[in-house]
Every structure is written in structure tokens, then in C-alpha cells.
Amino acid sequence: MARFDLLCIGDSAVDIFALPDEADIHCQLHGKGAECELCLSAASKIPTKGFVLSFGGNAANVAVAASRLGLKTSIYTHLGDDLFGKEVLENFEKWGVNTSSVKLDKNHSTNVNIVISYQGERTILSSHQKREYELPELNSNWIYFSSLAPGHTVFHESFAASLKKNGFKLVFNPGSYQVKEVLKTFRSLLMICEAFILNRE
């Protein structure tokens, strides 16, 4: 089997963007910064400019972008065996991303995020379904490892060992669930990654 240029590992999602006509933003100063809240009228219909559906997830975005740039790309991700899951799968295939490592979950739905976009900022209602992760076949020059729900640590040690043994190069971009975990969870990966990507926040 020919080696891929890039294998992306991470959860995928459907992003539904809501564009409200009106909302209030209230900010309070705390120490050196301001903490702001997005306020919508409770128990009422909120007029919007419309809704936009797109496909998301760090690994999914990188996989599609890399494939569009001409790299031979594959993805390991879990999707629900539902309408949204089929749409995401078709999107990967449309852009030439290899889907042989995609797992369809019959017990849990596809991840869906509601993104409220207002005045250039995004407020995200996020969901990560519980998954039964396993180490996928690693056959790629580069591995991009990103956002997964709790339960992903089961393959960390074998993942790091396989990377070192085969000389694969790792880019590590942890998601919000992963960032909240203790450092020792990722020590073996941090010691061998070629690049570490993290939002300042």
C-alpha cells in the first residue's frame, strides 16, 4: 500500500452557523481584561439573517485543505451513521480525502456545533459524542493529531511508539478537551512532535 503524505486524526463535525439580527453584548472588567457575554432574549423567537451549514473539526479542515493543495491525504475520524455523517463522508470524497479509516458509529450521532456569529465574533455550542477510539493504521509521512473527545488516551503510548519506530513526523494541535487534561497524558507525544499548535487562549 502506497504511503500517504498526510494522515489526519481527530473528530469531525457539522457546523451550523446562526446569524442573529440583534443581540446585546455586555462586558465587565476583571483585572487586566474584559469578560463579555452574548445576550439574547429568553423564551422568544430570535430573527436571523439565515443559517449556514458547513463541515468542521480541526482534522477534517486540515485534511480537506491538504488534499486541495495536492497532498495524498487520509483521515481517521468517527461519524454517526446518520444523515449528517453521510454528508461529511461525501464532502471528504468530493475533495479527494481517503476515507478508508473513517468509522461509522451506529450508537452515537455525528457531532454537531451551533455557531452563533455576531459582530465578527463566534459563540459556539459544542458537542463531542463519546467514541470508542483505536489506533488507526499509520502509513503516512506526516501525522496531524488534533481534537478528540475523552477516551482517546487508550492509544497514546502505542501511537508514540509507532511514530518513533517508523520515523513518521507528528504535528500536534490539541483540542479543548485535550488541553484540560494533565500534562502526563501527552508527555510521550510532546517529546517527539515536530510542531505543536496551540491557541493563545
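Buried residues are those under 20% relative accessible area. The legends below describe close-up views of a predicted model.

**View 1. The disulfide between Cys-27 and Cys-36.** The structure holds one disulfide, in which the sulfur atoms of Cys-27 and Cys-36 lie 1.9 Å apart. The disulfide is right-handed, because the torsion about its S-S bond is about 105°. Cys-27 is partly exposed, at 46% relative accessible area, and Cys-36 is partly exposed as well, at 44%.

View 2. Cys-39 is partly exposed, with a relative accessible area of 27%, whereas Cys-193 is buried, with 18%.

**View 3. A network of salt bridges linking Asp-81, Lys-86 and Lys-106.** Asp-81 meets Lys-86 at an N to O distance of 3.4 Å and Lys-106 at 2.9 Å between the closest N and O atoms. Asp-81 lies in the loop between strand E7 and helix H2, and Lys-106 in the loop between strands E8 and E9, so this pair ties together parts that are 25 residues apart in sequence. Lys-106 is exposed, at 69% relative accessible area.

**View 4. The salt bridge between Arg-131 and Asp-105.** The closest N and O atoms of this pair are 3.0 Å apart. Arg-131 is in the loop between strands E10 and E11 and Asp-105 is in strand E8; the pair therefore ties together parts that are 26 residues apart in sequence. Both Arg-131 and Asp-105 are buried.

Notes. Residues are numbered from 1 along each chain as its sequence is written. This is a predicted model: local features need pLDDT of at least 70, side-chain atom pairs count only at pLDDT 80 or more; totals for chains, interfaces and linings use all residues. Side-chain values use heavy atoms; hydrogens and water are left out. A disulfide is a pair of cysteine sulfur atoms within 2.5 Å. Buried means under 20% relative accessible area, exposed over 50%, partly exposed in between (1.4 Å probe, protein chains only). A salt bridge is a side-chain nitrogen of Lys or Arg within 4 Å of a carboxyl oxygen of Asp or Glu. Helices (H or I, at least four residues) and strands (E, at least two) are DSSP runs, numbered from the N terminus.
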